[in-house]
2 protein chains.
Amino acid sequence: MRIRFYNCRILSMKDSMEIKKGEVWTDGRQIAYVGEKKPSGQAFDREVDVQGNLIMPGFKNAHTHSSMTFLRSFADDLPLQEWLHNKVFPLEAKLTGEDMRQLAKVAILEYLTSGITCNFDMYLDPWAVAQASVECGFRTVLAGAMNDFSQSPRELEEWYQKLNAYDPLIRFCLGFHAEYTTGLSRLEAVAALAGKYKAPVYCHNSETKTEVAQCVERYGKTPTAFLDGLGMFRYGGGGYHCVHFSREDMEIFRERGLYAVTNPGSNAKLASGIAPIAQMLAMGIPIAIGTDGPASNNCLDMFREMFLTTSLAKLREEDASAVDALEVLRMAVCNGAHAMGLSECDCLSEGKLADLIIIDLQQPNMQPLNHIPKNLVYSGSKQNVKLTMVDGKILYEDGKFFVGEEPKEIYARANEIARRIQG
Amino acid sequence: MRIRFYNCRILSMKDSMEIKKGEVWTDGRQIAYVGEKKPSGQAFDREVDVQGNLIMPGFKNAHTHSSMTFLRSFADDLPLQEWLHNKVFPLEAKLTGEDMRQLAKVAILEYLTSGITCNFDMYLDPWAVAQASVECGFRTVLAGAMNDFSQSPRELEEWYQKLNAYDPLIRFCLGFHAEYTTGLSRLEAVAALAGKYKAPVYCHNSETKTEVAQCVERYGKTPTAFLDGLGMFRYGGGGYHCVHFSREDMEIFRERGLYAVTNPGSNAKLASGIAPIAQMLAMGIPIAIGTDGPASNNCLDMFREMFLTTSLAKLREEDASAVDALEVLRMAVCNGAHAMGLSECDCLSEGKLADLIIIDLQQPNMQPLNHIPKNLVYSGSKQNVKLTMVDGKILYEDGKFFVGEEPKEIYARANEIARRIQG
């Protein structure tokens, strides 16, 4: 498919946050052209009049657990440890791979409504999540979710080889659930794999005070210092949450170029705390944004996360100028792509992958057009997402989904699974 | 117009948060029937198949400054006092009444997209805002915005008489901007009017630490204690923001039955702080929710405010069980109505005014349907609002507005005004 988007305002995010008028053309999976010129004789399969609306790279959801849709609004208002051990783990034990595949599709539909073109997912059965994405045409990077009770270093290695060769939409990264759920020998095995494959490693890190205190008690070090001491991050990687970080933790992240993936909605709802985004930003630590899973957030909306990223930082610093909107937009788009190893999706530019969205500026929350990038962060909403394209294919347009099956079939299966698991 | 909504899930919020299947009929401005029965020979002007979606009373935006749309994304990332004195006040001085009328319409469109059926507005020219609402068919309660530089006790009294007789969609309440902008003699004059008309009084109250400290310095009392000492709240009323409240302030609010209107988005973005919602709730203080104006928030979205109300309270209390979703929903609907003196809009029930909304449950953020009221608060979005009816008239349906003129005309005028004022 060759598609021409014309009458665009373009926020390419390539070198600047400047908005230019012009056209964006795609050819198959890639962006073929971004600029002012008009087509001269080229044949397009479709020409879309963007009517002065905004075209920009899609948002990257840099931490989530898509299949957890079955627990949305099922176990709210509980602290993290109680929520995890008494509600989440026992119910997750009942899930089949097929359940996870179906449940992930509900999340994929929601990502599309929020202009998210890629997710960084961590869950029990990465094959199930990967299949859901491939069936829908969605892009997913998976991280291993190993802990003492599920997945093994051998499986991580097998998936690293096989999932990375499975489909152009899928990547797999080394990863484990967290220090507090994974014993030393398994952690050492992951660090060895990181060395063998020269690969980055990802995990939940310092989400709660308790987690950090218990690690210090166990090993005399914070999770970051302890894991780094095992050689876990020799080839980079990152941490999800990063709420209770010491200065030393931040130094390690900065030196290793590790990505701090912030999840402000989840951290607020579970009362885990507010991450030190302003300090990390000042130190040059690359920050990306994730929704976390639908059981803890409970929605999968990059607009809400962007507003929370800046506004919680402002509250934490007692400074309304902390973490401005443009920084947040870069986190949600460019840094998210880089955190997942997807530099080919980080901006709109010739040769990059065609993962892009159209934002409806003719909605009242965008008016007047005083400052479009700030509007996106401070007043943007799912309701502004007119079109979401992943890998050159339009998967969502004007409220309709094009993911190979009807949403109502996906919902019906999800409700059936949720009733069976909860019952 | 007689309208029949059938195939509904009904969240009437009348006596409980239970959801029942059935029908809602309207007749002119009022709700004619809520229940299970089918019509027997009645003629309707329109019959709407709600397709199993949710019908519920509209949200009440209990504090806003609608006309400030011209400053959206224009002066962000500044502390409140600097923002107010250096950016807001100088630009506001250039606004005409006609500007305010046109600018308020942008906000009204946004309220409709968020399922808000009524706003509690405070601004320089209440007539201009009231006219905008009447022209659009929207319901507005205005509070006086008097301070030492604009409006006078005489004008408040005149508006109290004339605006309350102007149109069924409009009410006017006594009010002033805040203690820190209004001298003693003017405050005493408002308290005298409250006594004369046995009327409630509303104002900004304890939004920032500085505001409270300066009042204590000036009068030896917090704003709440000082104003109460003037007899301001003998007939009730309320405060907007209520962030920096002492135990004594809360006692006064409880004893007087004053409404605390929380504005979590604005308080976060301006780094003003987090209101003690959990404590106020435990004391039985009635709490309503407002977006504040589009210059400080910057969006006018009750879904975002609901999530912020509960999640910021959870962070403040370091307790994930603080301020649960059902309490928040009551704040956003019933308490908002009561705070504005609109008990006729607080639930779906025969004889109440037909201010109602339809929520699209066939969107991925609502699936699976584990718990609909929690979904509204934790994962709801503007994108779920299918229909907004005010005073028996459908003003918004499936993304289209019915407010007497096209949104693009409203936007064009707002952009023109914004450019002129900012230029």
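A: Leaving aside neighbours within four places in sequence, B:H371 is in contact with A:S73 and A:F74. The model is a predicted one.

Q: What makes B:H371 and A:S73 a pair "in contact"?
A: The term applies when the C-beta atoms of two residues, placed from the backbone, lie within 7 Å. B:H371 meets this criterion with A:S73 and also with A:F74.

Q: Why is B:H371 called partly exposed?
A: B:H371 has 19 other C-beta atoms within 10 Å. A residue is buried at 20 or more and exposed at 12 or fewer, so a value in between is termed partly exposed. B:H371 is therefore partly exposed.

Q: Where in chain B is B:H371 found?
A: B:H371 belongs to the loop between β14 (356-359) and α13 (372-379) of chain B. The C-alpha atoms of B:H371 and B:I19 are separated by 10.0 Å, although the two residues are 352 residues apart along the chain.

Q: How many residues does each chain give to the contact between chains A and B, and which elements of chain A take part?
A: Chain A gives 55 residues and chain B gives 55 residues. On the side of chain A that touches chain B, the elements giving two or more residues include α2 (97-113), α11 (302-317) and α14 (407-422) of chain A. By class, that side of chain A has 24 nonpolar, 17 polar and 14 charged residues.

Q: Why are β6 and β13 of chain A said to stand at the edges?
A: The open sheet of 8 strands in chain A has the order β6-β7-β8-β9-β10-β11-β12-β13, with parallel pairing. β6 (59-64) and β13 (287-289) of chain A each have a single partner strand, so one side of each lacks a neighbour in the sheet. From one strand to the next, the twist averages 25 degrees.

Q: What makes β16 and β17 of chain A a pair?
A: β16 and strand β17 (residues 400-401) of chain A run antiparallel and are joined by 2 bridges; at least two are required. A:E397 stands opposite A:K400. In their hairpin, with 2 residues between the strands, A:D398 takes a positive phi near 50 degrees.

Terms used. Residues numbered from 1 in each chain as written. Chains lettered and ligands numbered in written order. Predicted model: local features only at pLDDT ≥ 70, side-chain atom pairs only at ≥ 80, totals over all residues. Helix = DSSP H or I, 4+ residues; strand = E, 2+ residues; numbered from the N terminus. Axes fitted to C-alpha atoms, helices over the stretch in contact; angles between N-to-C directions. Nonpolar A, V, L, I, M, F, W, Y, C, P; charged D, E, K, R; others polar.
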